Amino acid sequence: MDNRLVKFFDKIGYSNEFRNEFLSAKVKNVIVDTHEESWKIYIDIDKMISIDAFKALKESDNKLSSVKKIYYYFNHNDLSLLKDYFMYIFNYYQNVCPMLSSIKEEDIKVEGSSVSIEVSSTPEITKLESIKDKFIEFIKAMGY
């Protein structure tokens, strides 16, 4: 594991339980934005970390008092967790927008690097169109 990543994990108190998922990880770049008080961390990794490891990372990163927001950008060639990450962001938006709650997991299909959603109403289509860029931004940041 990259030494900079070890130091960062120690600083935020990231769980030892998930650190082994980062064994092949290397920090490619860190961009510190002092105006926005944010960091962008670019990580190269062979296999994408589990959604549980990502959730724990997001929960830990708020322990840095000098940083308001940390953005993670992963680079890998592993499509095996694409649906998990898509469902993570989709569930977030379902909580924010109850209109999307009628769309069930079985309505979402992942084939290779493509995701399709079966919808039954025009308002669902309109809402998904209005937030699709946010989905794409998140999924790209996760390396997909």
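β3 contributes the most residues to the lining of the largest pocket, five in number. The model is predicted. Its largest nonpolar core holds 45 residues. Helix α4 is the top contributor to that core, with seven residues.

**Largest pocket**

- The volume of the largest pocket is about 440 Å³.
- Its lining counts 16 residues, and Lys 58, Lys 69, Tyr 71, Ile 89 and Phe 138 sit closest to the centre.
- Two or more lining residues come from each of α3, β3, α4 and α5.
- By type, the lining of the largest pocket has twelve nonpolar residues, four charged and no polar.

**Second largest pocket**

- α5 supplies the most, with eight residues.
- The lining of the second largest pocket splits into ten nonpolar, three polar and three charged residues.

**Nonpolar core**

- Within the largest nonpolar core, the members touching the most others are Phe 8, Phe 22, Phe 74 and Tyr 85.
- At least two core residues come from each of α1 (3–12), β2 (38–44), α3 (51–60), β3 (69–75), α4 (82–96) and α5 (122–141).
- Of these, α4 gives the most, with seven residues.
- Beyond its neighbours within four places in sequence, Phe 74 is in contact with Phe 22, Ile 43, Ile 45, Met 48, Ile 49, Phe 54 and Leu 57, among others.
- The contacts of Phe 74 also include Lys 140, Ala 141, Met 142 and Gly 143.

**Helix α4**

- α4 has 15 residues, which at 1.5 Å a residue should span 21 Å.
- The buried residues of α4 are Leu 82, Tyr 85, Phe 86, Met 87, Ile 89, Phe 90, Tyr 93 and Gln 94.
- An α-helix has 3.6 residues a turn, so residues three or four places apart point the same way.
- The cover over the buried residues of α4 includes α3, β4 (108–111), β5 (114–117) and α5.

**Links between the topics**

- Tyr 85 is buried in α4 and is one of the core residues that touch the most other members.
- Ile 89 is buried in α4 and is among the residues closest to the centre of the largest pocket.

Note on methods
Residues numbered from 1 in each chain as written. Predicted model: local features only at pLDDT ≥ 70, side-chain atom pairs only at ≥ 80, totals over all residues. Heavy atoms only, no water. Core = buried A, V, L, I, M, F, W, Y, C linked by side-chain atoms within 4.5 Å. Buried < 20%, exposed > 50% of the residue type's maximum accessible area, 1.4 Å probe, protein only. Helix = DSSP H or I, 4+ residues; strand = E, 2+ residues; numbered from the N terminus. Contact = heavy atoms within 4.5 Å. Expected span 1.5 Å × (residues − 1). 1 Å grid on protein atoms, 1.4 Å probe; cavity = no way out; pocket = protein on both sides within 12 Å on 5 of 7 lines; lining within 4 Å. Points joined across faces, edges and corners; volume = space filled by probe spheres on them. Nonpolar A, V, L, I, M, F, W, Y, C, P; charged D, E, K, R; others polar.
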